Amino acid sequence: MNVLEVKNLTKKYGTETLALSDLNFSVKEGEFVSVIGQSGAGKSTLLRCINRMIDATEGEVIFAGVNMCKLDKKALRKQRRKIGMIFQHYNLVNQLTVIENVLHGRLGYKSTLAGVVGSYTNEEKRQAFEIIDMLGLTEQVYKRCDQLSGGQKQRVGIARALIQNPKLLLCDEPIASLDPNASKVIMDHLRNISTKLGITCLVNLHQVDVALKYADRIIGINKGKIVYDGPPDLTAEQIHMIYGSQAGELIIDIGGRNES
Amino acid sequence: MRVEALIKRRRNNLIFFAVLLAATLVSIIITEFEVTKAFTSIPRAIGWAVKSFYPNANSLEKIPKILVKLRETVLLSIASTTVAAIFAAFLALFGSKTTQINSFLAAVSRGIASIFRNIPVAAWALILLLSFGQSSLTGYFALFFATWGFLTRAFMETIDEVGSEGVEALKAVGASYFHIIFQAVIPSSLPQMISWVLFMVETNIRSSTLVGILTGTGIGFIFNLYYKSFQYNAASLVVVFIIISVLVIEYISNYVRRVIL
């Protein structure tokens, strides 16, 4: 079953700049899809058009059977609850504690008053602690987020997304600001979420080797167009096509994978 | 090429200094400013200050009177700043790019802020003198309007600088406008905002001295009174108290800043 269908998606900035041009693809439930491409190719714009942080110029985004592009404000809020988002810069409220930031994920389900004063049910709190425990942040629960390391912050970001009970996770460069160790931890968690919890993941990545290692499927974007959509066993030529570069210009290690 | 660029930059520098020099000379000639006289009078001014502008035993009797006025001035600047801060917070929410409701309201609130901010406190005092006369209310409103304008601008920038990331995340979660304001914008920008308010309290104590001269209230009035009636010792004592109070406020606000930031 398809969780997400993107049809003829086009995004123009102004009248000239074409950020996305006529994208078509669909994503199955539980699939782990990685989107790769140069900086400025349109990866972030694509992700943000799906949950309408950016409004598409043309085309349709069908998520869980609903056309996102046609929703009014209230219906959009309801639909966004089912889509978790993870950011390169974590986008936490740094002055608040870990548990407060995680519970922010429930705000989409709250009335205005309850959300403003931050009153959450016991069930929500229990679930928050469970997720925090799963991500190994139990010792940090009451720490302010500005005291955490980058990897810990990103795990808080993941927890905030998970407590939404999402069907889809949109991850925008989740490891671009992290060191290799923290990157591995984060990618392992995302892979687990997809495999064990059956949540679909759409992950923008800069690191081609990471994308090839973790993803079920790769979508390659170049200048706003999909130039590759298929399994993660790309040849060097295909990678160069995605990045619009000449052979030998990129530092990519796909050797081990292709030879085996 | 590189040598040419260097020569060009040097030439530009020379032109800049030549223009600066010409502007200075022209202004000296227009205003009939006597340079030598100005510099030779500095030692005389210092000499006068040493001889007459210092607190003496007699002037110490004036301390209770000065303290009453000083209290008035300090309270006035704190009251005007804090009330202005509340109004500024609302205007900043409408004007900030991150939290604006629509671009029309944002433009209006930014316009209001920049008008209020760009009219100096002294001008506000003179304008308001016409409607409120010589009373502390005039001083209060003069400080209030100028502070409102400044703090709105400062708050807007604070919200845009520290709040935007959290706001984006909460939007993606499906949170409503008020959720976002209370759960992301306020927690992340409050420390910075308090710091701006403290800064404005300090600034307003300084400017309320001037406002007091114009409106005939507070520490400014008493300074003006002593100065014009040739009681230089008492006037100098007033200056000492102003300096002490500004230093104390500065110390307190630095301490608060250290704790909250």
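## Two chains, two builds

In chain A, take the contacts (C-beta atoms, placed from the backbone, within 7 Å) between residues at least 6 apart in sequence: 68% of them join residues at least 24 apart. For chain B, that share is 72%. This is a predicted model, where local features need pLDDT of at least 70 and side-chain atom pairs count only at pLDDT 80 or more, while totals for chains, interfaces and linings use all residues. Residues are numbered from 1 along each chain as its sequence is written, with chains lettered from A and ligands numbered from 1 in the order in which they are written.

**Chain A overall**

- Chain A has 10 helices and 10 strands (DSSP runs numbered from the N terminus: H or I of at least four residues for helices, E of at least two for strands).
- The C-alpha trace of chain A spans about 55 × 40 × 35 Å along its principal axes.
- Of the 260 residues in chain A, 43% count as buried (20 or more other C-beta atoms within 10 Å; 12 or fewer is exposed, and in between is partly exposed).

**The four-stranded sheet in chain A**

- Four strands of chain A make an open, antiparallel sheet, ordered β2-β1-β4-β5 (pairing takes at least two DSSP bridges).
- At the edges sit β2 (17-28) and β5 (66-67) of chain A, each pairing on one side only.
- Helix α1 (residues 43-50) of chain A packs on this sheet and touches β1, β2 and β4 of chain A.
- The direction of α1 makes about 60 degrees with that of β2(A) (axes are lines fitted to C-alpha atoms, for helices over the stretch in contact, and angles between N-to-C directions run from 0 to 180 degrees).
- Five bridges hold the antiparallel pair of β1(A) and β4 (residues 58-63) of chain A, and A:Glu5 has A:Ile62 as its bridge partner in β4(A).

**A:Asn2**

- You'll find A:Asn2 in β1 (residues 2-13) of chain A, and it counts as partly exposed because it has 15 C-beta neighbours inside 10 Å.
- Beyond its neighbours within four places in sequence, A:Asn2 is in contact with A:Ser26, A:Val27 and A:Lys28.
- A:Lys28 is 26 residues away along the chain, yet its C-alpha is 4.2 Å from that of A:Asn2.

- β9 (residues 217-222) and β10 (residues 225-230) of chain A run antiparallel, joined by five bridges.
- A:Gly220 is bridged to A:Tyr228 in β10(A).
- Two residues lie between the strands of this hairpin, and A:Lys223 has a positive phi near 50 degrees there.

**Chain B overall**

- Chain B has nine helices and zero strands.
- Chain B is more spread out than a compact globule, because its radius of gyration is 24 Å, well over the 18 Å that the globule rule gives for 261 residues.
- The C-alpha trace of chain B spans about 70 × 65 × 40 Å along its principal axes, and 39% of its 261 residues are buried.

**Helices α2 and α8 in chain B**

- Zero of the 18 residues of α2(B) are buried, so this helix lies largely in the open.
- The buried residues of α8 (residues 218-228) of chain B include B:Phe221, B:Phe223 and B:Tyr226.
- Those buried residues pack against α3 (63-95), α6 (136-173), α7 (177-215) and α9 (232-260) of chain B.
- After α8(B) comes B:Phe230, with a positive phi near 60 degrees.

Conventions: Contact = placed C-beta atoms within 7 Å. Rg over C-alpha atoms; globule rule 2.2 N^0.38 Å.
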